Amino acid sequence: MKIECPFCGKRDHSEFTYKGDATVARPDHSEQDLDRWNDYVFQRTNPKGAHKEYWHHTNGCRKFLIVERDTVSHKINSVTLVQGGGK
């Protein structure tokens with residue numbers, strides 16, 4: 001699988017590190033509801049089809065990206081820079 005980095009161009013996925021589901025909102029640091037934290041950390045769906053994911057260009061520009069790809073075919077539909085540069 002090749003990922004088109006906005007800064008480095010098309011690179012092999014081995015240069016990147018998968019960082020998780022980009023559709024799940026992290027609870028606020030002050031959140032004290034343990035069920036909410038449990039859901040955020042452990043409860044994940046296994047989507048089939050188009051899905052947004054965080055990827056880190058670990059062996060390149062070190063930017064965080066949102067990659068929208070099809071989880072069945074691995075076809076990448078879009079790559080965007082995470083605003084603020086981190087997850």
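# Notebook: around strand β4

**Entry 1: a histidine to start with.** I looked up His57 and found it buried, with a relative accessible area of 0%. This is a predicted model, so I'm reading every value as a computed one. His57 lies in the loop between β4 and β5. What does His57 touch, leaving out residues up to four places away in sequence? I noted Cys5, Cys8, Arg11, Glu15, Phe16, Arg62 and Lys63.

**Entry 2: stepping back.** I wanted the whole picture before going on. The protein has 1 helix and 6 strands. Read along the sequence, they come in the pattern β-β-β-α-β-β-β. I checked the extent too: the C-alpha trace spans about 40 × 30 × 20 Å along its principal axes. Of the 87 residues, 25% are buried. The accessible surface comes to about 5,900 Å², and carbon and sulfur atoms hold 47% of that.

I also looked at how the chain meets itself. Among contacts with a separation of 6 or more, 42% are between residues 24 or more positions apart. Then I looked at the charges: there are 14 positive and 12 negative ones, and their mean positions are 8 Å apart.

**Entry 3: strand β4 and its neighbours.** Is β4 largely enclosed or largely open? I found 5 of its 7 residues buried, so β4 is largely enclosed by the rest of the structure.

Next I traced which strands pair with β4. Strand β3, residues 17–21, runs antiparallel to β4 and is joined to it by 4 bridges. Strand β5, residues 64–70, also runs antiparallel to β4 (residues 50–56), with 7 bridges joining the two.

I followed Glu53 across the strands. Asp21 stands opposite Glu53 in β4, and the bridge partner of Glu53 in β5 is Val67. I picked out one more pair: His56 is opposite Phe64 in β5.

**Entry 4: Trp55.** I moved along to Trp55, which lies in strand β4. Why do I call Trp55 buried? Its relative accessible area is 7%, and the cut-off for buried is under 20%.

I looked up Phe16 separately: Trp55 and Phe16 are 39 residues apart in sequence, but their C-alpha atoms are 6.3 Å apart in space. Phe16 is also on the contact list of His57. Finally, the side chains of Trp55 and Glu53 are joined by a polar contact of 3.0 Å.

**Entry 5: His51.** Another β4 residue I checked is His51. His51 is buried too, with a relative accessible area of 10%. Which side chain makes a polar contact with the side chain of His51? I found Asp21, at 3.4 Å. Leaving out residues up to four places away in sequence, His51 touches Asp21, Thr23, Val67, Glu68, Arg69 and Thr71.

**Entry 6: Arg69.** That took me to Arg69, found in strand β5. A polar contact of 2.6 Å joins the side chains of Arg69 and His74.

I then checked what else is around Arg69. Its contacts, not counting residues up to four places away in sequence, include Met1, Gly49, Ala50 and His51, along with Lys75, Ile76 and Asn77. Where is Lys52 relative to Arg69? The two are 17 residues apart along the chain, and their C-alpha atoms are separated by 6.6 Å.

Entry 7: β5 and β6 (residues 76–81) pair in the antiparallel sense over 5 bridges. In that pairing, I noted Leu65 opposite Leu81 in β6.

**Recap for myself.** I kept running into Glu53.

Note on methods:
Residues are numbered from 1 along each chain as its sequence is written. This is a predicted model: local features need pLDDT of at least 70, side-chain atom pairs count only at pLDDT 80 or more; totals for chains, interfaces and linings use all residues. Side-chain values use heavy atoms; hydrogens and water are left out. Two strands pair if DSSP finds at least two bridges between them. Buried means under 20% relative accessible area, exposed over 50%, partly exposed in between (1.4 Å probe, protein chains only). Contact means heavy atoms within 4.5 Å. Accessible areas come from the Shrake-Rupley method with a 1.4 Å probe; for residues, only the protein chains shown count as cover. Lys and Arg count as positive and Asp and Glu as negative; His and the chain ends are not counted. The place of a charge is taken as NZ of Lys, CZ of Arg, CG of Asp or CD of Glu. A polar contact is a pair of N or O atoms within 3.5 Å; within protein, one must be able to donate a hydrogen and the other to accept it, and residues adjacent in sequence count only if both atoms are side-chain atoms.
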